[in-house]
Amino acid sequence: MQIVYFSVYKGDAYTDVPHFASKNTVERMIDALDLPAAVPRPAYFIQNDLRQKGPLLNAGIYGMPMGDKGISMVDVRDIGEAAALELLRRERAAKPLPRETYALVGSDVLSGTDVANIWSEALDRQIRYAGNGTAAIALPSHGSHATTSPLPAIRRSCH
């Protein structure tokens, strides 16, 4: 039996967030049952920014409230690759591998202002960070979602 369970980065530290709490509960069950699972904890998905198309193009703002510390983003394609490589590694192992938990994050910590600057360069127009409030999230998106993000593709070395 091969198990790769995707949890969430720092989910054990923020159990007051329902999505994090549910992931933490599953992790504790995996641990209690002593299952030989890999538990990658991916950070914020770069693709979450697809919801920002409307505010970016219509209002010139990046509205995802990221806090002042910044975050390390990860591309969902890299998460998929990490899962495939981990499943293959576990399948090819001579004996069951122990439970492993690891962060799956990008190498760059980006603030909201950093991301707005990346979008400014990619769109060749001024984009400003809307700050840490949630008002800008409610702006309508108008039109289809973008398919790519200018944010750097963050690759996890799985070799």
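Residues count as buried at under 20% relative accessible area, exposed at over 50% and partly exposed in between (1.4 Å probe, protein chains only). The model is predicted, so local features need pLDDT of at least 70 and side-chain atom pairs pLDDT 80 or more, while totals for chains, interfaces and linings use all residues. Residues are numbered from 1 along each chain as its sequence is written, and side-chain values use heavy atoms, without hydrogens and water.

**View 1. Length of helix α3 (residues 76-92).** Helices (H or I, at least four residues) and strands (E, at least two) are DSSP runs numbered from the N terminus. At 1.5 Å a residue, the 17 residues of α3 should span 24 Å, which agrees with the 24 Å between its end C-alpha atoms; the expected span is 1.5 Å times one less than the number of residues.

**View 2. Buried and exposed residues of α3.** Asp 78, Ile 79, Ala 82, Ala 83, Glu 86 and Arg 90 are buried.

**View 3. Packing of α3.** Its buried residues pack against β1 (3-4), β2 (37-42) and β5 (100-104), with contact meaning heavy atoms within 4.5 Å.

**View 4. Lining of α1 (18-32) in the largest pocket.** α1 gives the most to this lining, with 3 residues.
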